[in-house]
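Student: Could we go through how the helices are arranged in this one? I'd like to take the pairs in turn.

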Amino acid sequence: MKKYIYILLLLFVFTLSVRAQDVVPISKEEVLTKVSDNNTSIKISKEEFNQAKADYRQTNAVFLPNITASHTGISTTNPLMAFGSKLNQEILTQADFNPALLNDPDQTQNFATKLEIQQPLINVDGIYQRKAAKSKMEAMSLQTQRTEDFLAFEVDNAYMQLQLAYKAVDVLEKALEAANENKKLADNSFEQGYLQRADVLNVEVRVTEVKNQLQQAKSNVQNASNYLSFLMSDDTYVVYKPSDDLTTLASTMEVKTLSENRSDIKAMQMATQAYETMNQADKMAFLPRLNAFGSYELYDDQIFQGGANGYVIGAQLSWDVFQGSKRFGKAQKSKAEFEKSKLEYNQYVSKSKLELNKAKRMLIDAENKLKLSKLALDQSEESLRIRTNRFKEGLEKTSDLLMAETQYAQKELEYYQTIFEYNYALAYVNFLTKE
């Protein structure tokens, strides 16, 4: 029995290890679709919008009636309550006006069913509060859109990191293959007496160094894959492989400018508008309110009966003349919040312009660096080719060959890193200027 359990455990561990090494090809479009459908940040942003929408829906009370229904039962010997209950039940007789019964009535039961309606007519402050809630809801909708835009940009960044990680693996695998080939040449030359043992050790050190770099590059592939899984809210954490290669993205030469119609900037505009409207609502709280009301009532001395009925309709004009300066303080606070939101908006726009100018310069620098790194890569490749041929003929030092090999691998990695930096800068500029 123990033997079978041991075999099952081995199979389970083997299954997990195989699953951990699964390589799943994926395109950027697939990542964008999964992020749009599953990303937690987007879901949180949508729920925040739903909260704002629910707050706005509550302000329908400014126009819609408030309707309540109740059924109340009492038993009383209170003179006033007993007389009023009989009066409501329409069962008063001449004998009930006996002073002895009026002053010391018998126990009286009363059951009342009441339907009440309260209808707002003029509540100016409530109307402004409704406008403020609508502005807040629209701001949250725009903020949700900006969250989606940011995550699309983040997908670009993460996908390019995965592409770069695979490029690094390819470069280092070629470098390891070349290093192993050079090691074979060095071993043959050492056996023939053309090289010293120290030269062979230098080649072996180079091989070990490339192996370590390759292992780190493979770890970067897993890290980039895990980050994509996080963005897609995928807990399987498989190793992804991009179906697209890392190439320079096409750039339009049009001048990119910051638009105040960008969703996050527009959201701050709507938030400022909401603060302004709330300040107006606090000011309008000084005005009187006009509300209509009505009720229909059923009375009986038996539960859930209605032997007598009556109704009341009317209107009320109410005016809170003074509330101990509470409203003055509230209006002053909302005024300060409005002024603060205007300053925050101006600061945010200014900072966004600063960030865009910085991103434009970063794009120009990356473009220039891309040209230079491509030139350096071509030069180092040619240098490695020459030195490799000379080394095979015994005309080149081992140290010079190793240096040329190391330089070529570095320049190739730098070239792909520069492509990533250029693509990132271009994507960032597009993100900052997207409306």
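Student: At what angle do H7 and H10 pack, and how far apart are their axes?

Tutor: In this predicted model, helix H7 (residues 197-231) and helix H10 (residues 398-433) pack at an angle of about 15 degrees, and their axes are 10 Å apart. Angles under 35 degrees count as roughly parallel, so H7 and H10 are roughly parallel to each other.

Student: Is the crossing of H7 and H10 left-handed or right-handed, and which residues make the contact?

Tutor: The crossing of H7 and H10 is left-handed. H7 contributes Asp-199, Asn-202, Val-203 and Arg-206, while H10 brings Thr-398, Leu-402, Glu-405, Thr-406 and Ala-409. By class, the residues of this contact between H7 and H10 comprise three nonpolar, three polar and three charged.

Student: Now H3 and H6: parallel or antiparallel?

Tutor: Helix H3 and helix H6 (residues 124-191) have axes 8 Å apart and pack at an angle of about 170 degrees. Because an angle over 145 degrees counts as roughly antiparallel, H3 and H6 are described as roughly antiparallel to each other. Among the contact residues are Ile-42, Phe-49 and Tyr-56 of H3, together with Met-137, Met-140 and Leu-151 of H6.

Student: How many nonpolar, polar and charged residues are in the contact of H3 with H6?

Tutor: The contact of H3 with H6 has eight nonpolar, six polar and eight charged residues.

Student: And what about H2 against H3, how do they cross?

Tutor: The axes of helix H2 (residues 28-38) and helix H3 (residues 40-58) come within 6 Å and cross at roughly 40 degrees, and H2 and H3 are therefore oblique to each other. On the H2 side the contact is made by Val-35, Ser-36, Asp-37 and Asn-38, and on the H3 side by Thr-40, Ile-42 and Lys-43. That contact of H2 with H3 has two nonpolar, three polar and two charged residues.

Student: Changing topic, which residues does the UniProt record annotate as coiled-coil region?

Tutor: The unreviewed UniProt entry gives "coiled-coil region" for residues 162-227 and 349-383. In the model, residues 349-383 are 100% helix and 0% strand, with end C-alpha atoms 50 Å apart.

Student: What span should H9 have, going by its residues?

Tutor: At 1.5 Å a residue, the 67 residues of helix H9 (residues 326-392) should span 99 Å, and the end C-alpha atoms of H9 are 92 Å apart, which agrees.

Technical notes. Residues numbered from 1 in each chain as written. Predicted model: local features only at pLDDT ≥ 70, side-chain atom pairs only at ≥ 80, totals over all residues. Heavy atoms only, no water. UniProt positions renumbered as here; feature names shortened; annotations may be inferred. Helix = DSSP H or I, 4+ residues; strand = E, 2+ residues; numbered from the N terminus. Axes fitted to C-alpha atoms, helices over the stretch in contact; angles between N-to-C directions. Parallel < 35°, antiparallel > 145°, perpendicular 65-115°, else oblique. Left-handed = near helix turned anticlockwise from the far one by under 90°. Contact = heavy atoms within 4.5 Å. Nonpolar A, V, L, I, M, F, W, Y, C, P; charged D, E, K, R; others polar. Expected span 1.5 Å × (residues − 1).
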